[in-house]
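Let's take a walk through this protein together, starting with the whole and then moving to a few of its parts. Keep the picture at hand as you read.

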Amino acid sequence: STMNAPAIYAAVMACGLLLLFNYKGKLRVIAAASGFIGLILTLSRASWLSLAAGFIYLLLFLGMRERFRLLVAAAACLMFLLGIAQLPGVREVVWQRVQTFTQPGHDVSLSARIVGHEKAFQQIEQEPWGEGIGSTDTLHNTEGDDDIIGPHDSTVLEFLYSLGWMG
C-alpha cells in the first residue's frame, strides 16, 4: 500500500522546518527560506496546518529567547513568501489554495471527501467487525472516481475498514 508521496514529502518538509529552528548552522536562514517556499509551493494544506500547529506549540513551550528567534524566523519566512507571491503564476495558484480555508464551500476536494466519508461510514455500519487487513486495496480502490475518496485518503476509514468498530 502506497500513500500520496507528495503529501508525505510535504509533511516531512514541515517537520524539517520546525527542527531547523533549533539548528545553529550558518546556512539555517537560507535553508529555512527555501524550505518554506518549497512547502508553500507543494499546495498541501495539511502540511501548512501542521507547520502552523507546530509553530504554535513551540511558541507555547520554548523559552523567551527561543520564542523571539522563532518569531524573527517566521517574519523572515513571511517576507520571502511576499516576495515570491509577486510572481504572477505563483500568486494565483497559491491564493486559490489559501482561499479554500476561508471558503470551504468552493473546495472541490473537501466536498468529495465529505461525500466519500458519508458513503464509507454507511458501508462500515453494515460491517462492524471489519473486512480484514488489506481490504482497502482490494475492495475499496476508488481512485479515479470523482465523488469518492481514495482508499488511503483517510487513516480512520482505513482502520475501520480493516479492523471494524471493535478493533
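Read from the N terminus, the elements of the protein follow the order α-α-α-α-α-α-α-α. That comes to 8 helices and 0 strands. Please bear in mind that you are looking at a predicted model. Of the 167 residues in the protein, 28% are buried. If you take the contacts between residues at least 6 apart in sequence, 66% of them join residues at least 24 apart.

Now find helix α2, which covers residues 28–41. With its 14 residues, α2 reaches 20 Å from its first C-alpha to its last, close to the 20 Å expected at 1.5 Å a residue. Which residues of α2 are buried? They are Ala 32, Ala 33, Gly 35, Phe 36, Ile 37, Leu 39 and Ile 40. Just after α2 you will come to Leu 43, which takes a positive phi of about 60°.

The crossing of the pair is right-handed.

Helix α4 has another partner to visit: helix α3, residues 45–61. Here the packing angle is about 150°, with the axes 9 Å apart. An angle over 145° counts as roughly antiparallel, so α3 is roughly antiparallel to α4. From α3, Phe 55, Leu 58, Leu 59 and Leu 60 meet Arg 67, Leu 70, Leu 71 and Ala 74 of α4. By class, that gives 7 nonpolar, no polar and 1 charged residues.

Is Ala 74 buried or exposed? Its relative accessibility is 19%, and since buried means under 20%, Ala 74 counts as buried. Ala 74 and Phe 55 are 19 residues apart in sequence, while in space their C-alpha atoms are 9.0 Å apart.

Technical notes. Residues are numbered from 1 along each chain as its sequence is written. This is a predicted model: local features need pLDDT of at least 70, side-chain atom pairs count only at pLDDT 80 or more; totals for chains, interfaces and linings use all residues. Side-chain values use heavy atoms; hydrogens and water are left out. Axes are lines fitted to C-alpha atoms, for helices over the stretch in contact, and angles run from 0 to 180 degrees between N-to-C directions. Helices (H or I, at least four residues) and strands (E, at least two) are DSSP runs, numbered from the N terminus. A crossing is left-handed if the near helix is turned anticlockwise from the far one by less than a right angle, and right-handed if clockwise. The expected span of a helix is 1.5 Å times one less than its number of residues. Buried means under 20% relative accessible area, exposed over 50%, partly exposed in between (1.4 Å probe, protein chains only). Angles under 35 degrees count as roughly parallel, over 145 as roughly antiparallel, 65 to 115 as roughly perpendicular and the rest as oblique. Contact means heavy atoms within 4.5 Å. Ala, Val, Leu, Ile, Met, Phe, Trp, Tyr, Cys and Pro count as nonpolar, Asp, Glu, Lys and Arg as charged, and the others, Gly among them, as polar.
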